[in-house]
Amino acid sequence: MDDRRDAVLAIYSRVTDFNYNAKVGPFQILAMTATQGCMHPRTTKYMSELVKIGPKGEGGPLAFEMFSLPPLVRYLYMYGNCLSPENVASIKKSITSSRVNLNAHGTLNHAIMQISSWYLIAQYFPDIIWTTSDGEQITSPEVMERLKDKLSARTESFYQNGYAEQSSPTYAMVNFFPLLNMIDFGRDAQLRQSSEREAILILALLKANSFHGRLVPPLTRHTHPQTIAQDARALAAIPAVTQHVLWFYFGEPQYGRFDLQNKREPYYVAMLALSKWSAPFSAAVFTQPYVATINTPAFAIWGNPTSREIYGRHFMAENFVIGGGNSVLEPGGYNEDTDAFGIIYRTQKSFGLIDCYHPYYRSNSGDLAWESDRSSPFQEIYIGGSSGLLIFDIPDADPYIFDAKNSFYMKRNNNAASLFKVVNCRFPTLGGILEVDGSTIYYRDGNIYVALKAENGFFESRKSRNPEMIGYQNLSIKGARNAIYFTVAEAAKYGSLEAFKEYISSKMIVKTPQGYSYNDDGGDNIEVRYSAQPVDNNRMRLIPEVLKNGTRIDGGDAAVVKSPSITLEDGRLTLRCNGSEDVVLRTGVDVPRFPKPCRL
């Protein structure tokens, strides 16, 4: 890992300027100071002004930015000697002359950035008096005591339920790096242990739900494309920064210098590189295919009760993975950044991605927009090993109507009277060979074979203007109700593409009175029925009924995560090191020793 640490810091070893945006600059300054020592006085002045928040959250030359707090904390503890007495006085004055909302939450990543930072700032300045948002004056030790309870409740909730941003290509990273500050600088042994347990949990969840450094659908919350920057042209794309966590601790995906040079997101990875903490486990060599469960809860504040929202499942093979999920959701809530299905496979140079969806949540942008709404309440999935079924049941008009106050609804309201009756699928154009035969798509890229076969209709090629579609070909199939059988295989299983095509041509998708059925590779009959059931006044259960040889299969799993090496269930995280040695973590108990090495 030392080589990756060096690579992160080397990017800023000769840089002397920084971005004055308070969300970006502090991370750059950390990396610059680590490699060059204390910088120009304008740099320390900038760092000392980051907490000039004012009575309403703004004020001073810089608007308060919560993303600046974790790097400021690390700067104080590691490079506090660079600050002049005037700089230190400025920070203390900013805190003592303003009201600080110690209960601020926002999203999960907002919460941990704020409360971990306020805790450690209070620890750093034990003699100052704080004024809360309610006007109450309290000491630094009192601030720490109040925030300790919130931090502990958060960890407990994560161990019981997982967390809503655990499969976010953007925000899983932001939930992670503030914990490194608590581990490195916290003086309360109990809280330091709790922070380490949470960091291990977040890292284990990412490991369980990733394929060679790429997160596997279902994905949530800002699903920026997971790419590898082969050249400078890729710097225009917003990076999926959670990949930096996987790369830093596990070495995958194999990054080049352009990945670390991308400035469309803050340089969060500097926080990883400057921490003394290292992961207690590494990636194991792949042995055999398996099915894994990854269930994601709904958003909840602190340790408040929550419930399961996304039921995810993937089939993992050595060179490909199929991932997807179904939901219990609020149709008027934040669903527009959910990716519900995808096939990821390895190529000689990089990765390939194939995905399909019904355009709904952002449909005002058009039926070929290919924005971040890679899911629909009228789309459900069953994954049964290396094959499965996508089913679509699209009504004429939108049954989920809201008023103009609902900003999510206003991104699809133009089509409420007549929903798009189309399913879009996309395939990489570089390296792959694509063949369309009516209702069937055959695709080959190297030794990977993929087939999609619809129960009715015909696939047709259509062009999308979305820049994300560069390098992809879109294939659409029209109709309100349909089922698409999908399967992925390696060439060795069939011997030739022609033999694979012959097998697929014999595969029948049958429309039943209540759904669609097919026979799987083992000869079992699988029937999948679209199901939409109200759970309460706001939520719908959108999980298909699945029958195997006429007997209903339970669509859920009690565990939050279940894979051969990682299980999270009943508040216990079990990590199976080296295929045989179990390490169990739970809240309220010290982090146990891990065998060395521990490969998952």
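**Helix packing, buried residues and domains**

Modeller: Glutamine 114 is part of helix α6, which covers residues 108-124. Please bear in mind that this is a predicted model.

Colleague: Does glutamine 114 count as buried or exposed?

Modeller: The cut-off for a buried residue is under 20% relative accessible area. Glutamine 114 has 8% relative accessibility, so the residue counts as buried.

Colleague: Which residues are in contact with glutamine 114, leaving aside its neighbours within four places in sequence?

Modeller: Glutamine 114 belongs to α6. With those neighbours set aside, the residues in contact with glutamine 114 are Met66, Leu69, Ala104 and His105.

Colleague: How are α6 and α8 oriented to each other, roughly parallel or roughly antiparallel?

Modeller: Helix α8 covers residues 171-185, and its axis comes within 8 Å of the axis of α6, with a crossing of roughly 15°. Angles under 35 degrees count as roughly parallel. The crossing of this pair is left-handed. The orientation of α6 and α8 is therefore roughly parallel.

Colleague: How many nonpolar, polar and charged residues are in the contact of α6 with α8?

Modeller: On the α6 side the contact is made by Leu108, Asn109, Ile112, Met113, Ser116, Tyr119, Leu120 and Gln123. On the α8 side it is made by Tyr171, Val174, Asn175, Phe177, Pro178, Leu179, Asn181, Met182 and Phe185. By class, these residues of α6 and α8 divide into 12 nonpolar, 5 polar and no charged.

Colleague: Which residues of α6 make the contact with α4?

Modeller: The crossing of α4 and α6 is left-handed. From α4, the contact involves Leu69, Pro70, Val73, Leu76 and Tyr77. The residues of this contact divide into 10 nonpolar, 3 polar and no charged. From α6, the residues are Met113, Gln114, Ser117, Trp118, Leu120, Ile121, Gln123 and Tyr124.

Colleague: How many charged residues does the contact of α4 with α8 have?

Modeller: The axes of α4 and α8 come within 10 Å and cross at roughly 25°, which makes α4 roughly parallel to α8. α4 passes α8 in a left-handed crossing. Pro70, Val73, Arg74, Tyr77 and Met78 in α4 meet Phe177, Pro178, Leu180, Asn181, Asp184 and Phe185 in α8. The contact of α4 with α8 has 8 nonpolar residues, 1 polar residue and, as to charged residues, 2.

Colleague: How many residues of helix α10 are buried?

Modeller: Helix α10 covers residues 242-250 and is mostly covered. Its buried residues are Thr242, Gln243, His244, Val245, Leu246, Trp247, Phe248, Tyr249 and Phe250. Just after α10, glycine 251 takes a positive phi of about 80°. The count of buried residues in α10 is 9 of 9.

Colleague: Which residues does valine 241 touch, not counting those up to four places away in sequence?

Modeller: Valine 241 lies in the loop between β5 and α10, and at 1% relative accessibility valine 241 counts as buried. Valine 241 and tyrosine 268 are 27 residues apart along the chain, with their C-alpha atoms separated by 7.9 Å. The residues touched by valine 241 are Pro169, Thr170, Met173, Glu265 and Tyr268.

Colleague: What is the C-alpha to C-alpha separation of phenylalanine 320 and phenylalanine 211?

Modeller: Phenylalanine 320 lies in strand β8, residues 320-329, and is buried, with a relative accessible area of 4%. Among the residues phenylalanine 320 touches are Phe211, Ile344, Tyr345 and Val488. Phenylalanine 320 and phenylalanine 211 are 109 residues apart in sequence, and their C-alpha to C-alpha separation is 7.9 Å.

Colleague: How far apart do the C-alpha centres of domain 1 and domain 3 lie?

Modeller: The chain is divided into domain 1 (1-274), domain 2 (309-554) and domain 3 (562-598). Between domain 1 and domain 3, 15 residues of the former are in contact with 15 residues of the latter. The C-alpha centres of domain 1 and domain 3 are separated by 26 Å.

Key:
Residues are numbered from 1 along each chain as its sequence is written. This is a predicted model: local features need pLDDT of at least 70, side-chain atom pairs count only at pLDDT 80 or more; totals for chains, interfaces and linings use all residues. Side-chain values use heavy atoms; hydrogens and water are left out. Helices (H or I, at least four residues) and strands (E, at least two) are DSSP runs, numbered from the N terminus. Buried means under 20% relative accessible area, exposed over 50%, partly exposed in between (1.4 Å probe, protein chains only). Contact means heavy atoms within 4.5 Å. Axes are lines fitted to C-alpha atoms, for helices over the stretch in contact, and angles run from 0 to 180 degrees between N-to-C directions. Angles under 35 degrees count as roughly parallel, over 145 as roughly antiparallel, 65 to 115 as roughly perpendicular and the rest as oblique. A crossing is left-handed if the near helix is turned anticlockwise from the far one by less than a right angle, and right-handed if clockwise. Ala, Val, Leu, Ile, Met, Phe, Trp, Tyr, Cys and Pro count as nonpolar, Asp, Glu, Lys and Arg as charged, and the others, Gly among them, as polar. Domain bounds come from an automatic or database domain assignment.
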